[in-house]
Amino acid sequence: MTWWIPLRSLLRNRRRTLLSVAIIALGTAISLFVYGFLEDSRLQIQAAAVNEYGNLQLASADLFDDTADGYDYLIDPEREAQVRNLLSQHAAVTGITTQLQFPGLIASGKQTQVVRVTAQVPGNSVLNADKLVFKGRPLDETDVASILMGRSLADRLGLHVDDVVTLTLTTVNGAYNATPLRIVGIYKFTSEQVELQTLFMPQSFAQLLLGTRGVERLIVGLESISATDDAKEAIVSQLDRASIELDVRTWFELSAIYQQLSGFFDLLFGFLTLAVFILVFFIILQVLTLAFLERTREIGTLRALGTTRSEVFRQLLIESAWLALIGSAAGVLTGVLMGWGFNALGIEWQPPGTVETSVLAVRLGLLTAAPPFLVGVVSTLLSAVFPAIQTSGIRVVDALRVN
Amino acid sequence: MGTISQFCHEQGRSFLEAQRLTKTYQVGGSTVYALRDVDFTAAQGDFVVINGPSGSGKTTFLNLISAIDRPTEGEVVVEGVSTNTLNEKQLAQLRKEKIGLIFQTFNLIPVLSAAENAEYPLLLQKLSKSERAKRVDAILGEVGLRDLARRRPNELSGGQRQRIAIARALITQPKLVLADEPTANLDSETGAQVMNLMRTLNEEHCVVFIVVTHDPAVTQYARRQIRIHDGCLQEGGAHDVVDTASQPAA
């Protein structure tokens, strides 16, 4: 059979077809708009997670699982060099750095605060706090007894750049140690919690304070986020072959917040998709039932001329497919225009628990358009199945009697 | 005016038989007979006019012999095959290949042009585009509507629409054409033109025409006239055909 007869049939009642197209388009556009918004938010959180954790981290399983006893998890310099050598053989690896973290207590005047010190290699390309600094300066390789402090903590303690605080900590041998530290920079972060609890310090000075030459983890930068899983698989097998007992975790595994939000976004989009699907399904079901019913006599004629039941069914379904394609395409176009308009407004908001505003945006692209387009097409096609079966199955002699 | 034997060398060969054809309906718990024990035979080249009052069973009879309805009892045999033995798909195949239908209200597809309406049965037969175009051109020429090929049904007069319906019925070169009140929606002059056309095509193509009507004017075109009354068939005998000036000589 042909594709153009159903298309012409679709266009015979233009007002009704326009109404159907508008309903499908509206559902698709809303779906695309919300999906684009959620995708943009998801990607922003993803980028933040990669900035926070790197693409991959290698460390003792005890450290990752928080079951370590003291500083047993530390990686000594020889093992670190061995692992660096293995990692550098991997084409997707763009950088490697190390990190060391430890708890401590800072005191300033009469105030004290429990903190977590993150010791990094200043200026490394994979993970550092340089970009976060908004007052003072980033850490330097030559820095000794220098720290970056979070904006929220500095505000709470009334501290500024060049002020000095005292840090008390426990060394790897269990001895107490205390040192004065100069604030060389104030950083800001999306999370207020991080700003209140985390201090950044040069790794070499941290090792000196703790009395160790070891690091707790190696952090790996990759050429792209999408390369993460493949790289992990390759690195795990490299480590196995070299009998190195280190766990490899991806940014996704390390970022609980991303996992939670991603799951929430999926749920939200799932509900929206279901709502749009049901809305489009039932409205188009009504419209098509009426449209096919009006043509009972015509369909009886086609059957009388020798068109089989399945051929009539196929024609009605092709007609619905045209409707689905036109409506969903119009919906994608409308959704993209809505998205452009929204993005042009540049609306900012401050997510709960954060200290920074971010721009609300709708992500527009082929990948974000595909799921809403499919929702429009599938819901319309499914809504056509029942009336098409009913209409094509009518007895010819009964259909011809209908006026 | 010549007789059918001059035009159709297969004249007399039985094409369709109805044997003890009965159709009943259940109305309010009682059985109503629309047709009762009807026997009928149509041979190649026949032009049969069946008339009778409204509700006499004419259309029911046409529906049964055109295989769009099934009899309660009895059978319809087309070229030796009982339609009772055929399933829905095979009945559709039979209608597609061997039977042309002409309806009282033309039943043209409104979204298709005159040529496309005539072409539709060929689409079902999956003929090539060039073959379809050739046949459409030829049949529109025969019904005199070649110039109106692109017009939609709503742009045509009643007579022109019925001519397109005739073209659609004949384009697959069926052996049997069934017409249900083909002149009912036409004025007398246009009705006469349509009947003349059908007679001409009957003679030229050796096609069996069975025309159901209650229009007395149609009767004069019959070679055989049959009357249905209360679901029973009464053969009216052979008929000399009308000699109309408009009917072309063979």
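Let's start at one pair of residues: Thr24(B) stands opposite Tyr33(B) in strand 2 of chain B. The model you are looking at is predicted, so local features need pLDDT of at least 70 and side-chain atom pairs count only at pLDDT 80 or more, while totals for chains, interfaces and linings use all residues. Residues are numbered from 1 along each chain as its sequence is written, and chains are lettered from A and ligands numbered from 1 in the order in which they are written.

- Strand 1 (residues 14-27) and strand 2 (residues 30-43) of chain B pair in the antiparallel sense over 10 bridges; two strands pair if DSSP finds at least two bridges between them.
- Helices (H or I, at least four residues) and strands (E, at least two) are DSSP runs, numbered from the N terminus.
- Leu21(B) has Val38(B), in strand 2 of chain B, as its bridge partner.
- The hairpin of these strands has 2 residues between the strands, and Gly28(B) takes a positive phi near 55 degrees there.
- In chain B, 4 strands form an open sheet in the order 2-1-4-5, with antiparallel pairing.
- Strand 2 and strand 5 (81-82) of chain B stand at the edges with a single partner strand each, so one side of each is left without a neighbour in the sheet.
- Helix 1 (residues 58-65) of chain B packs on the sheet, where it touches strand 1, strand 2 and strand 4 (73-78) of chain B. Its direction makes about 125 degrees with that of strand 1 of chain B (axes are lines fitted to C-alpha atoms, for helices over the stretch in contact, and angles run from 0 to 180 degrees between N-to-C directions).

**Chain B overall**

- Chain B has 7 helices and 10 strands.
- Buried residues make up 47% of its 250 residues (a residue is buried if 20 or more other C-beta atoms, placed from the backbone, lie within 10 Å of its own).
- Of the contacts in chain B with a separation of 6 or more, 72% are between residues 24 or more positions apart (two residues are in contact if their C-beta atoms, placed from the backbone, lie within 7 Å).

**Where the chains meet**

- Chain B gives 18 residues to the contact and chain A gives 15 residues.
- On the side of chain B that touches chain A, helix 2 (88-98) and helix 3 (114-124) of chain B are the elements that give two or more residues.
- Helix 2 of chain B supplies the largest share of that side, 6 residues.
- That side of chain B divides into 10 nonpolar, 3 polar and 5 charged residues (Ala, Val, Leu, Ile, Met, Phe, Trp, Tyr, Cys and Pro count as nonpolar, Asp, Glu, Lys and Arg as charged, and the others, Gly among them, as polar).

**Chain A**

- Chain A has 14 helices and 12 strands, and its C-alpha trace spans about 100 × 50 × 30 Å along its principal axes.
- Buried residues make up 39% of the 403 residues in chain A.
- Helix 2 (residues 14-53) of chain A has 40 residues and reaches 56 Å from its first C-alpha to its last, close to the 58 Å expected at 1.5 Å a residue (the expected span is 1.5 Å times one less than the number of residues).
- Just after helix 2 of chain A, Gly54(A) takes a positive phi of about 75 degrees.
- Strand 2 (residues 93-108) and strand 3 (residues 111-120) of chain A run antiparallel, joined by 10 bridges, and Gln99(A) has Gln120(A) as its bridge partner.
- Strand 3 of chain A also pairs in the parallel sense with strand 8 (residues 198-202) of chain A over 5 bridges, where Val117(A) partners Leu199(A).

Notes:
Buried ≥ 20, exposed ≤ 12 C-beta atoms within 10 Å, placed from the backbone.
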